[in-house]
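Let's take a walk through this one, moving from contact to contact. Have the viewer open and follow along.

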Amino acid sequence: MIHLSNISKHYGNKILYRNASFQLNPGEKAGLVGPNGAGKTTIFRILVGEEGYESGQISKPEKVVIGYFSQNIEEMKGRTVLEEVKSAAGRLPHIQKQLLDFEQKLTDPMGEDEMARILDQYGELQAEFEQLGGYDLDSRAAEIVTGLGIPPEDHGRDTGTFSGDWKMRIELAKILILNPDVLLMDEPTNHLDLESIVWLEAWLMGFKGSLLMTSHDRDFMNRLVGKIVEVANQAITVYGGNYDFYEREKEVRKEQLIAAAKRQDDMLAKEEEFIARFAARASHAAHVQS
């Protein structure tokens, strides 16, 4: 689905990653982890084209739809909650408006040729609208908004009347209604209560696209993902399992590195001992020099 190959990225003298690679496959759910400042959010921004990179390549299908939920929300006011959420549903709001325009035109007097032309266009739009799930758009929007904790009696409220935390939920609902091929989520459980987190987890479990997410809620991530992408030490490392597996495997790899370093230190100590013992002997000069 998306392949990052030998990506290098830095800010001034600070190197985030050098020649880093990983792949997000169709339908795969992966967690993005690493210390603060390592470059996790930058990965998201690179994937959606908000930031560039110094070298490497990103491969993805030409028409892939990517939804990105970040901690930055756009200004919201002047639309109801449901109107705001439906506005993010790709082409559906535009098609819905076109259908209403055609329905209005069909009430006006016109010739047979003109009516046939409008009916053909109307039929094509209807087919596309149905294929994209337009006829259940209202119910899906209401289901998502309610699931994220906004009760039905508030669906008609102007978004400008909500606080920042609640606007964050509306922004999250806009990403979910898009139902993209690839879903990038930066701390989606922030600002959510337990009931909303449970609902979101169930929704993501049923999501058919690819998911790459960060979350401080390790249990939430652990139940969802089957792969971990770690950003740390100027590198990207992939672990084939959930978060629990990642923690165990990381410790195993750390112990292996420590053991390898000890073996190397022991070997170097022996070499240094050999040099010290035989440096003055002409018969061993070639070995010592080597």
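**Salt bridges to begin with**

Start at Lys 250, which makes a salt bridge with Glu 230; their closest N and O atoms sit 2.9 Å apart. This pair links distant parts of the chain, since Lys 250 belongs to helix α9 (residues 243–278) and Glu 230 to strand β8 (residues 227–232), 20 residues apart. Keep in mind that you're looking at a predicted model. Are the two partners buried or exposed? Lys 250 is partly exposed, with a relative accessible area of 38%. Glu 230 has 7%, so it counts as buried.

Phe 245 comes out as partly exposed, its relative accessible area being 28%. Now check Asn 222: its C-alpha atom is 9.0 Å from that of Phe 245, while the two residues are 23 apart along the chain.

The next salt bridge joins Glu 201 and Arg 223, with 2.9 Å between the closest N and O atoms. Glu 201 lies in helix α7 (residues 194–205) and Arg 223 in helix α8 (residues 218–224), so this pair ties together parts that are 22 residues apart in sequence. On accessibility, Glu 201 is at 13%, and because buried means under 20%, Glu 201 falls in that class. Arg 223, at 45%, counts as partly exposed.

A further pair is Asp 154 with Arg 157, where the closest N and O atoms are 3.8 Å apart. Asp 154 has 19% relative accessibility and counts as buried, whereas Arg 157 is partly exposed at 32%. There's also a network of salt bridges, which links Lys 9, Arg 45, Glu 50 and Glu 51. How many salt bridges turn up in a search of the whole structure? That search finds 15.

Which residues of α7 are buried? They are Ser 196, Ile 197, Trp 199, Leu 200, Glu 201, Trp 203 and Leu 204. These buried residues pack against β3 (29–33), α5 (137–147), α6, β6 (182–186), β7 (210–214) and α8.

Leaving aside neighbours within four places in sequence, Leu 204 is in contact with Lys 29, Leu 183, Met 185, Leu 211, Phe 220 and Leu 224. As general background, nonpolar side chains tend to be buried together in soluble globular proteins. Here the largest nonpolar core has 48 residues, and Leu 176, Leu 183 and Leu 204 are the ones touching the most other members. The element giving the most to this core is helix α6 (residues 164–178), which supplies seven residues. Apart from that core lies another one, of 24 residues, with Leu 4, Leu 16, Ile 43 and Val 231 among them.

**An open sheet with a helix across it**

What is the order of the strands in the open sheet? Three strands form it, in the order β2-β1-β4, and the pairing is antiparallel. The edge strands, β2 (14–24) and β4 (55–59), each pair on one side only. Neighbouring strands of this sheet are turned by 20° against each other on average, with direction ignored.

Strand β1 (residues 2–11) and β4 pair over four antiparallel bridges. Then bring in helix α1 (residues 40–47), which lies across β1, β2 and β4 and runs at about 120° to β1.

Before you leave the sheet, colour the residues by phi. Most residues other than glycine have a negative phi. Asn 6, in strand β1, has a positive phi of about 55° although it is not a glycine. Asn 6 counts as partly exposed, at 40% relative accessibility. Strand β2 holds Asn 19, whose phi is near 55°, again a positive value in a residue other than glycine.

Notes. Residues numbered from 1 in each chain as written. Predicted model: local features only at pLDDT ≥ 70, side-chain atom pairs only at ≥ 80, totals over all residues. Heavy atoms only, no water. Pairing = 2+ DSSP bridges. Helix = DSSP H or I, 4+ residues; strand = E, 2+ residues; numbered from the N terminus. Axes fitted to C-alpha atoms, helices over the stretch in contact; angles between N-to-C directions. Contact = heavy atoms within 4.5 Å. Buried < 20%, exposed > 50% of the residue type's maximum accessible area, 1.4 Å probe, protein only. Core = buried A, V, L, I, M, F, W, Y, C linked by side-chain atoms within 4.5 Å. Salt bridge = Lys/Arg side-chain N within 4 Å of Asp/Glu carboxyl O.
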